[in-house]
Amino acid sequence: MCRVVALVLACSAAICMSSDWSYDGDSGPENWYKKFQFCAGKRQSPIDILPAETTVEKRKLQNNYYNQPENLTFVLKNNGHSAQVDIGNATGLYSNAFGQTFKPVQVHFHWGRNDSVGSEHTINGSQYPAEMHFVHMNKKYSTAEEAVKNQDGLLVLGTFITIGIESSEFKPIFDALEEVEGEGETKAIDALKIVNLMPDNKKEFYFYNGSLTTPGCNQAVKWIVFKDEICISALQMEKLRALKHHGDKGEASISNNFRPTQALNGRKVKRTFSL
Ligand SMILES: [Zn+2]
């Protein structure tokens, strides 16, 4: 849990980014479906999670991320929509969930212009200041293009982020953010521990079937949203907000890079823990 001090894929085109869309205006989320048909699908993400309406089902997320090889590489990139860390060829590293094996591909963030907004998933309608997505690809598919065509193609681990004490685990990422303030800039990161890309408590989470939250919105994602959040400092949050992209009217802040929550359309959201 976050101790609050204030009051208060390697990335392939299929999983990643086209510049044909944005988070506001004519190319914003309300119009994504015009160019990306899956964005109008019935199993879209993110969603508003209503804990009292979820049901308990025992599931385990297991990984071997304590066995991280020495030569694993990480590259932070400002892709114009988010800050994304691509994980090099993580041979031998995997997560098991829902009877399938997934390999880690990339991690990225969604955040708000201020602390009142930012996360994509919401709990009882409330947003967190930010959300981290740790994207995995099902090992049985050989390419991301193939994975996103299947309902079990991807596993994304979502973690809410609150503002409090500085995160030392995420320091390698946040320190490097200063080097990628402009769209398209990249920076190699050392000393990142992949196991730290998840909260300590990996047993308690919500799960449901959904989609990528960015175009093409492929309905290929097994979503896990952890109950416990992670904590970063206000200064670390400001480093996310300092990132820029090429907007319609020149260089602009990437902040508020979250998609509004989508209808459940009869989907059941489950949880692994007692309320
Ligand atoms: Zn995301």
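A nonpolar core here means a set of buried Ala, Val, Leu, Ile, Met, Phe, Trp, Tyr and Cys residues joined through C-beta atoms within 7 Å. In this predicted model, the largest such core has 63 residues, and Leu154 and Ile224 have the most contacts inside it.

**Overall build**
- The chain's secondary structure comes to 4 helices and 17 strands.
- With a radius of gyration of 17 Å, close to the 19 Å that the globule rule gives for 275 residues, the chain is as compact as a globular protein of that length.
- Along the principal axes, the C-alpha atoms fill a box of roughly 45 × 45 × 45 Å.
- Of the chain's 275 residues, 44% count as buried.

- Strand E13 (residues 221-226) has 6 of its 6 residues buried, so the rest of the structure largely encloses it.
- In a regular strand the side chains alternate between the two faces of the sheet.
- E10 runs parallel to E13, joined to it by 5 bridges, and Leu155 sits opposite Lys222.
- Strand E12 (residues 205-210) pairs with E13 in the antiparallel sense over 6 bridges, with Tyr206 standing opposite Val225.
- Setting aside neighbours within four places in sequence, Ile224 is in contact with Leu61, Ala97, Leu155, Leu157, Gly158, Phe205 and Phe207.

**Helix H4**
- Helix H4 (residues 234-241) has Gln236, Met237 and Leu240 as its buried residues.
- Looking down the axis of H4, those buried residues fall within an arc of 100°, so they line one face of the helix.
- Leu235 and Glu238 are exposed, on the face of H4 turned away from its buried side.
- The cover over the buried residues of H4 includes strand E7 (100-111), strand E9 (130-138) and helix H3 (171-177).

**Around Trp32**
- Trp32 belongs to helix H1 (residues 32-35).
- With 21 other C-beta atoms within 10 Å, Trp32 is buried, because 20 or more is what that label takes.
- Not counting residues up to four places away in sequence, Trp32 touches Trp21, Cys39, Pro215 and Cys217.
- Trp32 and Cys217 are 185 residues apart along the chain, yet their C-alpha atoms are separated by 9.0 Å.

Conventions:
Residues are numbered from 1 along each chain as its sequence is written. This is a predicted model: local features need pLDDT of at least 70, side-chain atom pairs count only at pLDDT 80 or more; totals for chains, interfaces and linings use all residues. Helices (H or I, at least four residues) and strands (E, at least two) are DSSP runs, numbered from the N terminus. A residue is buried if 20 or more other C-beta atoms lie within 10 Å of its own, exposed if 12 or fewer, and partly exposed in between; C-beta atoms are placed from the backbone. Two residues are in contact if their C-beta atoms, placed from the backbone, lie within 7 Å. The arc is that of the directions from the helix axis to the C-beta atoms. The radius of gyration is taken over C-alpha atoms; the globule rule is 2.2 Å times the number of residues to the power 0.38. Two strands pair if DSSP finds at least two bridges between them.
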